[in-house]
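Open your viewer and get ready to click. This tour tells you what to select next and what is there.

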Amino acid sequence: MLDQKNLFELAKITAKANSASPVAYSFGDNKFSYAELNETLRNELNEYAATPALYRENKNTIFSLMEVVVDEVLPVRVMEAYGQFAEIKQFGQGEKAVFTQRVTAASRRRAKQFITKVGLAGVYETFKLDGASFELKATAYGGAAEISIEEFLDGRVDLAELLDIVMEGLNDAIYNEIALALVGMVKNIPGEQKHSDANFDEANFDELLQHADSYAPTTIYCTYEFAAKMIPAKDWASESVKNELWNKGYLANYKGHNVVILPQSFAWDDVNGGYTKKVINPAIAYLIPSNAGKVVKVAFEGQTMVRETEQDDWSKHIDVYKKIGVGVFSAGIVHVYENDALRGAFDNLID
């Protein structure tokens, strides 16, 4: 039976392991598959919770293990998903989540600086950036997932599945906050920095892109749906461009500008049922000059909290809570383009 330190280390290694890789973890000359890691962890946890009596005795150790794993793995997963356009920081419990933002002289002269953050009940609020730093208030997100520990101990699910439920729920909460903050940012961007068309219009898009380039070389951030419609006139498209469109469905580079695909997420649709409601408005492309930096800010505060709740049928579930703050810094130079044909049920953000 492993001691707590080594048990926690095994859990973190297993959570980070790639289940699809033939070799998920190497130690010295030894190579281990994900199945071997997970089975070892299951056996060790069974030593702590093989019976109801042992579970009652050791459940705080199991909860602490989950807290440690989520705290270590979640920021890494968020960075992998959003790191190209988001600055992600970890702060201690009660520590002010302060971000320092470099503001260029050009943007000070020519544009309005502001921060959009999401307040309680999903309401975004905007305030002017007067200095070089700002603070984000973190909110506790709970109920992101319910997990039956018995399913893991019985072998019906493995640790990766358990943690994926937690990570996916918290990840979706973060992305939903990012989406709300982006909406607030769009509404406050000056009129000359945004444009809307009934369908993608190459000439109008290029004109807006040129305006963004006047600040610095610009990167285009959009969903796959938008990128698939962002196609230049075919009369000059090269064979390599046509091949890329055929293989990817979109261009990773649009006339010398990198295209970064924003991962789409889905929320529960109360009207039609099912996870079919899009989180990110696919109609919007964000044109962000390089000197704007990473406009999205994500703050993790303190440690993850795990607690047990008992259901009416006596089944035990684990609830996970994490304090997270999200904001979007406009940099005063962000430009947005809307292809209204992709808007669907979303509000028209650009009049």
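Among contacts in the chain between residues at least 6 apart in sequence, what percentage join residues at least 24 apart? The figure is 73%. Contact here means heavy atoms within 4.5 Å.

This is a predicted model, where local features need pLDDT of at least 70 and side-chain atom pairs count only at pLDDT 80 or more, while totals for chains, interfaces and linings use all residues. Residues are numbered from 1 along each chain as its sequence is written, and side-chain values use heavy atoms, with hydrogens and water left out.

**Stop 1: the whole chain.** Show it as a cartoon. The chain has 9 helices and 19 strands. Both are DSSP runs, numbered from the N terminus: helices are H or I with at least four residues, strands are E with at least two. Of the 351 residues, 48% are buried. Buried means under 20% relative accessible area, exposed means over 50%, and partly exposed is in between (1.4 Å probe, protein chains only).

**Stop 2: two helices.** Select residues 34-49, helix α2, and residues 52-82, helix α3. They pack at an angle of about 135°, with axes 7 Å apart. That makes α2 oblique to α3. Angles under 35 degrees count as roughly parallel, over 145 as roughly antiparallel, 65 to 115 as roughly perpendicular, and the rest as oblique. Axes are lines fitted to C-alpha atoms, for helices over the stretch in contact, and angles run from 0 to 180 degrees between N-to-C directions.

Now show side chains. On α2, pick L45, E47, Y48 and A49; on α3, pick L54, Y55, N58, T61, I62 and L65. These residues make the contact.

**Stop 3: N339.** Select residues 335-339, strand β19, and find N339 in it. Is N339 buried or exposed? N339 is buried, because its relative accessible area is 2%. Not counting residues up to four places away in sequence, N339 touches D197, A198, N199, F200, F226, K229 and A283.

**Stop 4: A233.** Go to the loop between α8 (224-229) and α9 (239-248), where A233 lies. A233 has 31% relative accessibility, so A233 counts as partly exposed. A233 and A203 are 30 residues apart in sequence and 9.9 Å apart in space, C-alpha to C-alpha.

Leave the selection on and turn the model around.
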